[in-house]
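Reader: I am new to this structure and would like to learn how to read it, one feature at a time. Could you take me through it?

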Amino acid sequence: MDLHTMTQSLVTLAEDNMAFFSSQGPGETAQRLSGVFAGVREQALGVEPALGRLLGMAHLFDLDAETPANGYRSLVHTARCCLAHLLHKSRYVASNRRSIFFRTSHNLAELEAYLAALTQLRALAYYAQRLLTTNRPGRLFFEGDEGLSAEFLREYITLHKGCFYGRCLGFQFTPAIRPFLQTISIGLVSFGEHYKRNETGLGVTASSLFTSGRFAIDPELRGAEFERIIQNLDVHFWKAFWNVTEIEVLSSLANMASATVRVSRLLSLPPEAFEMPLTTDPTLTVTISPPLAHTGPGPVLVRLISYDLREGQDSEELSSLTKSESQWTRELWQRTQQAPRSPSLVVHFHGGGFVAQTSKSHEPYLKSWAQELGAPILSIDYSLAPEAPFPRALEECFFAYCWAVKHCALLGSTGERICVAGDSAGGNLCFTVSLRAAAYGVRMPDGIMAAYPATMLQSTASPSRLLSLMDPLLPLSVLSKCVSAYAGTETEDHSDSDQKALGMMGLVRRDTALLLRDLRLGASSWLNSFLELSGRKSQKTSQPMAEPMRRSVSEAALAQPEGPLGTDSLKNLTLKDLSLRSSSDTSDTPEMSLSAETLVPSKPSNINFLVEPEDALEEVEARSELSAKDRGPGARDAFPKGFHPRRSSQGATQMPLYFSPIVKNPFMSPLLAPDSMLKTLPPVHIVSSPTNLLFLVPSSEMAPPSPKPELSVLCWTPTCPIAHQSTYRVLSAS
C-alpha cells in the first residue's frame, strides 16, 4: 500500500471512530478515545506531505541503483510502520467497539502510545526536511554553520522519547524480535534501579530479576524509566550494564551452548618493539613500537580461537605467552592430532562503545566463525575508556595486528589471506587500524568486515542520528557518553570505588554471604514494592509529595500539556461504562508504583561529544539557557505553525557541543579521512541494519568517491545474522 492510500484509509477510519465515541456521552474514556482519533487524523494528515518530500529526494543519497538505502529512506520506512500499526488498530476498534469483550483501556493505551510515536516521528520528518534544504546537494551530514548544527542536536535532545520504549518498543522491526528487545529493556531499567547500591555484580543482576515484574506489566512506566536512565546516568552505568555478560557464571553458560573448539587461549603480548617489512620494498623495515598513550608501555591481551588444533598453536613460544585460564585445554591439545596451518586468519575487534566488554563475551559467536570459516581467529582485548581514551585502543589494536601478521605461523595460519572484522566500536577500529597500516607502509589486511561501524564521531546532524531518538539499544545520549569517554572528555565521577566497580568480574568472586545477603535484600525490595503499590491503590486520598515521583500511568508517556482530558489509568472497562463514568470520578492523585528508594531525582550528567575548551564552557552554558525567542532562527523553525512535538518530562539533558580537532582526526572518525587515505583501504564489506538504527552511518555516507576500495553493503537483521558470511566472502576473495 502506497503512502497516500495508507494515510487516507487511516484518516477515514479515524473520523468514523471519532464520530462514534463522540456520541457515547460525556464519559472520560469516550472523550479520550475521541480525542485520540482526532489526534491520529491530525498527525497523519500532517506527516504525509513531509514524508512524501523526503521520499522524493531519498534516491539522491542511495549508494547505487541496486542499494536503495540511506537515513532518509529509513525514516520514511519507520513512519510508515507507525502508520500501519495505527491503521491496523483503528480497523480493529471499528470492528469490535460494540462488543462487550472490547478491551477499552488496553486499546486506548495502545492508541495513545502510537499517537505519541507518530507525533515525534513527524517532528523528525521536519528536522530531516530542514537538513535537506540546508545541506549542500548530495550531502547527508550537515556541513554548514556549527552553531546551527549544535542547535539541532540541543533541540533534539529535549524531545520526549519514552513512548518509543514502552508499548511501541521495536515497532519498526519484525514482530519476532520484539520479545528480545522487551527483555533487554526490562533488564536495563531493573538494573538501573539497583545501580550504585552496595551489592555484588551478580547480586545486582539477581535483585533486578526480583523487581522486574512491574516493568513487564506496565509498559508506560518502563518507557518513562528508560528515558530517565538514558538521559541521566553516566557512562559508568552503561559500562556496568554491558559488562554483565562478562560475569563468569553467565559467560560459562553461553560457552556451554556454543560450538566446541580445540583452542581458546588467552595470550599476553609483551610490550616489546619489533620490525616489520615495508610492502613497497621488503628489504626495508619499519619499527612497530608498543602502545604508549596515557598509561605507558604495557602488555596487550588477545584471545586465540581455533576449531582445530593447527601446527604452531602448541609451540613453546606461543605457550610462553599464554595467560593461564584452564589446564583442561592444554591437556586436550596434547592428545589431539594437529591439522595443517590454515591459509586464512581473522583479526577481530570486539564492540562495546569503546567502554565495555572483552573478547570473552564475544567468544560464543567467534567459536562458530572459527568452525564455519576453518580459520583461526585472534580477538583483541584492547584497553577501554574512560580509563584509557583515544588513541590507546588504536595503538593496542594496531600493535596486535602487526604482531599477528609477523607471527601468523604461531597462530596456525600461513597468512595468505588476513581479514579484520569487528562490530560497532570494533568496526571503527577495523578502519582505523587499516588506515594506520597504510600510513606505516606495512601489509594491509585483504578485507574488512565491519558490522554497523561507527565511522563518524563528530557531533553533526544527519538522518541516522535523528533515528537514534528511538534506537532500542543505543540512543544518541548514550552514544554521546561513549564518544565523550573515548575522546577523553568524560566528566569526573565522584562515586566511591565500590560503585565504580559494579559489574566487574572481580565482584562475583566475593564472599558467598554477600551474595545471599543481596538475594535477601532483592526479595525484600520486590515484596515491598508490591505491598506499597497495593497500599497506595487502596487509599482514596494521599498527601501531596514534596518531591516529583514517576507515575505508573499512561500519562507519563502520552499526555500532552494542553490536553483537557483526564490522565489516570483506566483498566478493565467496557463500553457499558462509557455513559456511567464521567471525568469527575477521576482521582486527582496519580498512582505510584515505585519504592521510596528509587524516587530520589537524579542529577543530569553532561553529555560531551567532543573535547571542550575551558574558555568556551561558560559561553556555551549561557547560550543553552536562552529561551527559544532569544536564540533566533534555529531548529524549531523547522516546525510548521501550530505543531508542537512532545517534550521530555525528565528535563533537558545538558549537551555542550564542541568542534574540536580530536574527533575530526581520521583515525577516530575514518569517514573524515581524505580520499587519498580512503583509496588505500582493502575491499570493505559493511553489514548493516535495514533501518540504520544502531548509530550506523548510512551506507552511502561511507562510500568513497573513487572506484577503490571495493565496497559492498549487506543487509542484516537481528534474527538472521550474516556477518560470518561476509567474513567468508572476504577470506574467499582472490
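**Aromatic rings, core and active site**

Author: Trp 238 and Trp 242 are both buried, where buried means under 20% relative accessible area, exposed over 50% and partly exposed in between, with a 1.4 Å probe and protein chains only. This is a predicted model, in which local features need pLDDT of at least 70 and side-chain atom pairs count only at pLDDT 80 or more, while totals for chains, interfaces and linings use all residues. Residues are numbered from 1 along each chain as its sequence is written, and side-chain values use heavy atoms, with hydrogens and water left out.

Reader: How are the rings of Trp 238 and Trp 242 placed in their aromatic pair?

Author: A pair of aromatic rings is described by the distance of the centres and the angle of the planes. Rings of Phe, Tyr and Trp (its six-membered ring) pair if their centres lie within 6.5 Å, and planes under 30 degrees apart count as stacked, over 60 as edge-to-face and the rest as tilted. Trp 238 and Trp 242 form a tilted pair, 5.8 Å centre to centre with 45° between the planes. Because they are four residues apart in helix α10 (residues 235–242), about one helical turn separates them; helices (H or I, at least four residues) and strands (E, at least two) are DSSP runs, numbered from the N terminus. Ring pairs also link Phe 191, Phe 237, Trp 238, Phe 241 and Trp 242 into a cluster.

Reader: Which residues of the largest nonpolar core touch the most other members?

Author: A nonpolar core is a set of buried Ala, Val, Leu, Ile, Met, Phe, Trp, Tyr and Cys residues joined through side-chain atoms within 4.5 Å. Of the 97 residues in the largest one, those touching the most other members are Leu 83, Leu 121, Leu 124, Phe 164, Phe 171, Phe 237 and Trp 242. Helix α4 (residues 104–134) gives the most to this core, with 16 residues. Apart from it lies another core, of 63 residues, among them Val 302, Leu 394, Phe 398 and Leu 457.

Reader: Where does UniProt place the feature "active site", and is that residue buried or exposed?

Author: The unreviewed UniProt entry places this feature at Ser 424; such positions are given in the numbering used here, feature names are shortened, and annotations may be inferred rather than shown by experiment. Ser 424 lies in the loop between β7 (413–423) and α16 (425–440), and counts as buried because its relative accessibility is 13%. Not counting residues up to four places away in sequence, Ser 424 touches Gly 351, Ala 451, Tyr 452, Pro 453 and Ala 454, contact meaning heavy atoms within 4.5 Å.
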